[in-house]
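Please keep the sequence and the structure in view while reading.

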Amino acid sequence: MTATFAALRKSRRVSQLELSLRTGVSQRHLSCIETGRARAGRETLIALLDALGASLEERNQALLAAGFAPAHAERALDAPEMAPVRAALEQLIHASGAAPALVLDGDYNVVMANAGLARVIELLGLPAEAMLSQPLNLLRAVFAPGGLRSLCEDEAWLCNEMWARATREAEHLPRLRALLDELRPTLQPWTAAEASSHLPVLAFRLRAADGRILSFFSTITSFGTPLDITLASLKVEHLFPTDEVTRRALAGAAQA
């Protein structure tokens, strides 16, 4: 547990003194825990992890390293006990009139998508059915050479925003961190760019196959206080049109 807990504290840039003040555990005892001269009880360890804002996965790793059973399960989304969650996600993205939407796991794999997203992909001149019928990783699809970023009018700005967001999330997700390390050598150095939209949300523009510019803003929904590692990493992203051209393009594609 020593290396795991000490590394977690240092990654949060929290000193032993500050953690002691947050939790009421003496700095001396914290030092002994980190060096292996003392063993934290399960309740004490959980309190320390709470104070550090550890993710569910990090909590499990620290508990296992200390010889305790993990506190949180990691169920597959298709597990029987996750049926209510799947039903809620289906309702959220397939509701009547729902905007284009997708569900992403912690590694940015697309685990669900609706017909609206398929319409956007088709408007871009891409094979929606083929792309969505197989495992699709959004980061790979965007950042691969010649990937989706090449269809974005605000490529530099959007790539910087997406990469920064994924990098922040990867601090607590080892698999995502490994994916970013894999993609990094293929990236080009984007110059800093200002967003062209003045909306207070992530907005971007895509070039459709017929030359029209499709404008969207993105919203992300996540589960509140999840107790499962899979649920903690799931994100539901909706793409809302920001102008009449985009709304008409989506409506026309739906009627085609």
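## Terms and basis

Two strands are said to pair if DSSP finds at least two bridges between them. Helices (H or I, at least four residues) and strands (E, at least two) are DSSP runs, numbered from the N terminus.

This is a predicted model, in which local features need pLDDT of at least 70 and side-chain atom pairs count only at pLDDT 80 or more, whereas totals for chains, interfaces and linings use all residues. Residues are numbered from 1 along each chain as its sequence is written, and side-chain values use heavy atoms, with hydrogens and water left out.

## The six-stranded sheet

Six strands form an open sheet in the order β3-β2-β1-β6-β5-β4, with antiparallel pairing. The edges are taken by β3 (136–137) and β4 (202–207), each of which has a single partner strand, so one side of each is left without a neighbour in the sheet.

Beginning with β4, this strand is joined to β5 by six bridges, and the two run antiparallel; within that pairing, R205 has S215 of β5 as its bridge partner. The hairpin of β4 and β5 has five residues between the strands, and in it G211 takes a positive phi near 95°. Strand β5 (residues 213–221) is in turn joined to β6 by six bridges, again antiparallel, with S218 partnered by L239 of β6 and T221 partnered by V236 of β6.

On another side of the order, four bridges join strand β1 (residues 101–104) to β6 in an antiparallel arrangement, and the bridge partner of L104 in β6 is K235. Strand β1 is also joined by three bridges to strand β2 (residues 109–113), running antiparallel, where V103 finds its bridge partner in M112 of β2. As a general point for reading these strands, the side chains of a regular strand alternate between the two faces of the sheet.

How many of the residues of strand β6 (residues 235–241) are buried? Six of the seven are buried (under 20% relative accessible area, with exposed meaning over 50% and partly exposed lying in between, for a 1.4 Å probe and protein chains only), so β6 is largely enclosed by the rest of the structure.

Helix α10 (residues 155–170) lies across β4, β5 and β6, and runs at about 130° to β4; axes here are lines fitted to C-alpha atoms, for helices over the stretch in contact, and angles run from 0 to 180 degrees between N-to-C directions. Within α10 lies E169, which counts as partly exposed at 21% relative accessibility. Leaving aside its neighbours within four places in sequence, E169 is in contact (heavy atoms within 4.5 Å) with Y108, L176 and K235. The C-alpha atoms of E169 and A251, which are 82 residues apart along the chain, are separated by 34 Å.

Residue S20 is found in helix α2 (residues 16–23) and, at 12% relative accessibility, counts as buried. Not counting residues up to four places away in sequence, S20 touches V25, S26, Q27 and L30.

L30 is also one of the buried residues of helix α3 (residues 27–35), together with C32, I33 and E34. Just after α3, G36 takes a positive phi of about 85°.

## Packing around helix α4

Helices α2 and α4 pack at an angle of about 110°, with their axes 10 Å apart, and are therefore roughly perpendicular to each other (angles of 65 to 115 degrees count as such, those under 35 as roughly parallel, those over 145 as roughly antiparallel and the rest as oblique). Their contact is made by L19, R22 and T23 of α2 and by A47, L48, A51 and L52 of α4. By class, this contact of α2 with α4 has five nonpolar, one polar and one charged residues, where Ala, Val, Leu, Ile, Met, Phe, Trp, Tyr, Cys and Pro count as nonpolar, Asp, Glu, Lys and Arg as charged, and the others, Gly among them, as polar.

Helix α4 (residues 42–52) also packs with helix α5 (residues 56–65), at an angle of about 150° and with the axes 11 Å apart; α4 and α5 are therefore roughly antiparallel to each other. Here R42, L45, I46, L49 and D50 of α4 meet R59, A62 and L63 of α5, and the residues of this contact divide into five nonpolar, no polar and three charged.
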